[in-house]
Amino acid sequence: MKIALDYDNTYTADKKLWDKFIDIVQLADHEIFIVTMRSRESDWNDELGILDKKLNLPVIFCDGLSKRRVCEELGIHVDIWIDDFPEGIHLGTQYTPAQLIEWRAEQHTHKQDTTLKVA
């Protein structure tokens with residue numbers, strides 16, 4: 001089986017739960033991927049890098065395009081989708097370019113706030 005797990009508001013909603021789920025899926029010799037509407041160039045964060053490299057959980061960036069289309073173009077035919085916005089699997093992002101710019105600015109501000117608190 002191939003399973004696609006959304007990142008924002010799905011994986012991030014309960015990371016401990018999904019980490020356990022990912023372990024079970026991988027132990028059962030199924031494939032699981034993070035499939036996100038994010039852009040690799042604009043929306044990368046350290047957590048996505050950890051998921052990709054340390055946990056051997058490939059991250060597929062769809063850059064606002066249909067998740068199904070992007071996966072199929074990569075030769076990945078997903079059996080099960082887990083997503084808080086299932087319409088995005090077929091349609092792509094719900095945000096306008098202006099809304100994406102605003103969202104990215106908020107993410108950048110949040111990242112800086114987190115960095116300042118840790119330091």
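This is a predicted model: local features need pLDDT of at least 70, side-chain atom pairs count only at pLDDT 80 or more; totals for chains, interfaces and linings use all residues.
Colleague: Where should I start with H1, and how many residues has it?

Modeller: Start with its length. H1 runs over residues 15-27, which is 13 residues. From first to last C-alpha it reaches 18 Å, close to the 18 Å expected at 1.5 Å a residue.

Colleague: Which residues of H1 are buried?

Modeller: The general idea comes from the helical repeat. An α-helix has 3.6 residues a turn, so residues three or four places apart point the same way. In this model, Trp 18, Ile 22 and Val 25 are the buried ones in H1. They lie on the same side of H1, because the arc they cover around the axis is only 65°.

Colleague: And what covers those buried residues?

Modeller: The cover includes three strands: E1 (2-5), E2 (31-36) and E4 (80-82).

Colleague: Which exposed residues sit on the face turned away from the buried side?

Modeller: That face carries Lys 16, Lys 20, Ile 24 and Leu 27. Have a look just past the end of the helix too: Asp 29 takes a positive phi of about 65° there.

Colleague: What does Ile 89 touch, leaving out residues up to four places away in sequence?

Modeller: Its contacts are Ser 66, Lys 67, Arg 68, Trp 81 and Asp 83. Asp 6 is 83 residues from Ile 89 along the chain, yet their C-alpha atoms are separated by 9.7 Å.

Terms used: Residues are numbered from 1 along each chain as its sequence is written. Side-chain values use heavy atoms; hydrogens and water are left out. Contact means heavy atoms within 4.5 Å. Helices (H or I, at least four residues) and strands (E, at least two) are DSSP runs, numbered from the N terminus. The expected span of a helix is 1.5 Å times one less than its number of residues. Buried means under 20% relative accessible area, exposed over 50%, partly exposed in between (1.4 Å probe, protein chains only). The arc is that of the directions from the helix axis to the C-beta atoms.
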